[in-house]
Amino acid sequence: MAAKGKITIDQGLCKSCELCITVCPEKAIRIAETFNHRGYHPAEFVLETCRGCSLCATMCPEVAIEVYRG
Amino acid sequence: MMKGTDAIGEAAVQAGCRCYFGYPITPQNELPEYMSKRMDEVGGVFLQGESEIASINMVLGAAAAGVRAMTSSSSPGISLKQEGLSFLASLELPAVIVNINRGGPGLGNIAPSQGDYYQATRGGGHGDYRMPVYAPAGVQELYDITMKAFDVADMYRTPVMILGDGMMGQIVEPIVRHKRPDVELPPKDYILDGCEGRPSRIVKSLILDVRLMEEHNWKLKRKYDLMKKELPMHEEFMTSDAKMIVVAYGTAARIAKGAVKRVRSNGLPVGLIRPITLWPFPDEAIANITKKAKAVLVFEMSTGQMVDDVRLATNGRIDCEFYGRPGGVVAAPQEIARIIERHWLQKELS
Amino acid sequence: MKKVFSRPKCLKPAPFHYCPGCGHSIIHRLVAELIDEMGLQGKAICIPPAGCAVLAYNYFDIDVCESAHGRGCAIATGFKRALPDRFVFTYQGDGDMAAIGTAETIHAANRGELITSIFVNNAVYGMTGGQMAPTTMLGQKTTTSPFGRRSKVEGYPLKITDLIAQLDGAAYVARTSVGTPAKILATKKALKKAFEVQLEGLGYTLVEVLSPCPTNWKMTPVDAFKYLQERMEKEYPLQVFKDITAQKKED
């Protein structure tokens with residue numbers, strides 16, 4: 001089933017607070033193994049199940065997430 | 001004829017002041033009372049804040065919005081405004097602050113005094129700043145200097161203080177109400193009135209980078225040096241042939257002038273210098289005028305504050321005697337005349 | 001696919017200095033979105049506090065005038081009285097608004113100043129390292145209430161918003177939280193209402209937003225958001241205290 005939505009995460013802004021992960025109903029986000037330039041493990045988007053509901057972006061304190069739907 | 005406090009109020013209105021924020025405190029209540037009616041007549045804002053701290057910060061807001069703004073208070077209230085003055089100085093915002101000095105320290109009393117000289121001239125708040133301080137000695141001068149203060153504030157982008165005292169505020173004298181002089185003022189390209197049609201602006205004094213803060217301090221210093229060159233004002237009275245010079249300002253200077261006239265009638269060539277700007281202090285004028293004199297007597301309605309500046313100005317070249325009546329006591333001219341004559345004898349000037 | 005969520009125009013691109021999981025930057029986004037949506041950028045003036053949000057001028061692309069600690073409502077009064085047709089709002093923390101700035105806040109509200117105060121309540125002094133604030137809860141440990149706040153010694157949490165709701169000058173007073181996406185959207189709705197009531201000239205408006213302070217609460221961001229909902233929202237129930245526009249509809 002084609003994903004109904006997707007998000008982009010500006011990993012340079014992410015401070016690994018994990019709030020997006022806690023609110024995502026589809027568990028489509030996880031913490032990356034890599035480090036960003038600030039030394040955080042940034043959040044990472046897993047494609048398949050995103051519905052484009054924007055809960056992650058609403059919750060993100062860094063306004064690091066953009067959401068696409070349709 | 002006008003009362004001192006009303007003259008200040010009317011001059012402010014004529015100078016285009018359209019925001020007055022104040023708080024009741026004797027002996028300056030007549031000024032907010034005057035402004036509460038007058039501001040309404042000219043479509044300005046009069047607001048009695050909940051404290052002097054609130055009032056000075058309302059002035060800050062109005063000044064940052066680009067409006068000519070003013071507040072007034074008396075000694076304890078001026079202490080409460082010191083934080084605001086320090087912010088106005090760093091933010092380089094124009095404002096006029098009137099201090100009708102009363103007896104102190106502490107609650108003190110409501111009589112005229114000059115005990116706030118240090119606070120006014122040394123930048124009473126925190127940090128490395130100065131502020132022009134004017135000390136009028138009559139109702140006409142209160143009017144003229146209040147009007148000038150608004151131009152100085154805009155010209156140099158600085159808070160300006162008018163230091164009167166309990167008597168100065170209450171006396172009633174004839175007055176000529178000049179219109180606002182036509183002075184070329186720098187554009188207010190720093191104000192915050194909504195960034196419609198321009199980039200957004202920031203008015204702030206938080207400078208975390210110490211090098212930038214130092215730069216800001218030196219920038220302010222250059223401005224203060226410019227003020228020192230351009231702003232000093234003083235009055236000389238019978239100084240050309242004077243062997244002894246009396247130095248006094250404000251109400252003390254009026255008393256001293258009466259004393260000088262008395263001793264002159266007894267044949268003693270004594271003169272008076274009256275600093276009108278307490279900061280920048282007219283040190284050059286005092287240094288020049290006292291060159292020929294043999295003695296200097298400083299009279300203040302305090303335990304001695306301006307005397308330090310007079311000694312700095314004369315730089316040890318001449319002995320500067322001090323006589324003071326603090327606490328709100330208004331000495332009579334005869335008393336000061338006796339002090340002059342006694343000093344004259346002690347110095348064997350005849 | 002269509003983009004349905006992106007950074008508001010009025011939010012400068014600068015990354016936030018706030019700690020991971022801080023509520024301030026969420027609230028900043030909401031304010032910036034509203035300024036975009038309501039077309040307020042050209043007439044908005046923000047007065048940030050002396051507190052973590054003092055650097056709001058790095059984020060809001062509007063005119064910003066910094067305030068000494070606690071003086072926000074007085075400065076905003078000066079602005080609004082000088083420029084009655086501009087949109088003026090203060091952005092303050094709990095120490096700024098309910099400790100040193102109590103008088104300025106209460107009197108601005110009592111005068112019905114046509115300004116909006118955004119009051120971010122995180123129960124501690126964040127910028128200075130987590131000291132006790134007027135809103136610190138009983139039993140809550142902070143760097144200056146190491147044994148947990150005790151009513152007999154440190155007194156009670158100050159419900160300043162409840163006080164202000166009693167004042168006739170206040171036209172819209174609400175308390176919200178950033179605890180969940182739904183509550184964040186409710187916060188935006190409350191802010192929008194407050195902005196509208198100011199622009200309609202109906203009186204003073206205040207929105208208290210409960211916000212986490214993970215660093216000074218010594219919790220992970222996720223735990224801090226749990227604590228926010230399980231503890232803070234119990235002590236500070238979310239509600240609209242006063243809305244004179246609502247009463248008008250009923251009259």
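These entries record what I looked up about aromatic rings in a predicted model.

**Conventions.** I number residues from 1 along each chain as its sequence is written, with chains lettered from A in the order in which they are written. Local features need pLDDT of at least 70 and side-chain atom pairs count only at pLDDT 80 or more, while side-chain values use heavy atoms, with hydrogens and water left out.

**Ring pairs.** Rings of Phe, Tyr and Trp (its six-membered ring) pair if their centres lie within 6.5 Å; planes under 30 degrees apart are stacked, over 60 edge-to-face, and the rest tilted.

**F16(C) and Y59(C).** I find the ring centres of F16(C) and Y59(C) 4.7 Å apart with planes at 55°, so this pair is tilted. The pair links distant parts of the chain, 43 residues apart: F16(C) lies in the loop between β1 (2-5) and α1 (24-37), Y59(C) in the loop between β2 (44-47) and β3 (63-65). Helices (H or I, at least four residues) and strands (E, at least two) are DSSP runs, numbered from the N terminus. F16(C) is buried at 3% relative accessibility, and Y59(C) is buried at 2%. Buried means under 20% relative accessible area, exposed over 50%, partly exposed in between (1.4 Å probe, protein chains only).

**F87(C) and F89(C).** I note centres 5.5 Å apart and planes at 35° for F87(C) and F89(C), so this pair is also tilted. F87(C) is buried at 0%, and F89(C) is buried at 0%. Ring pairs join F87(C) and F89(C) with F60(C), Y91(C) and F195(C) in a cluster.
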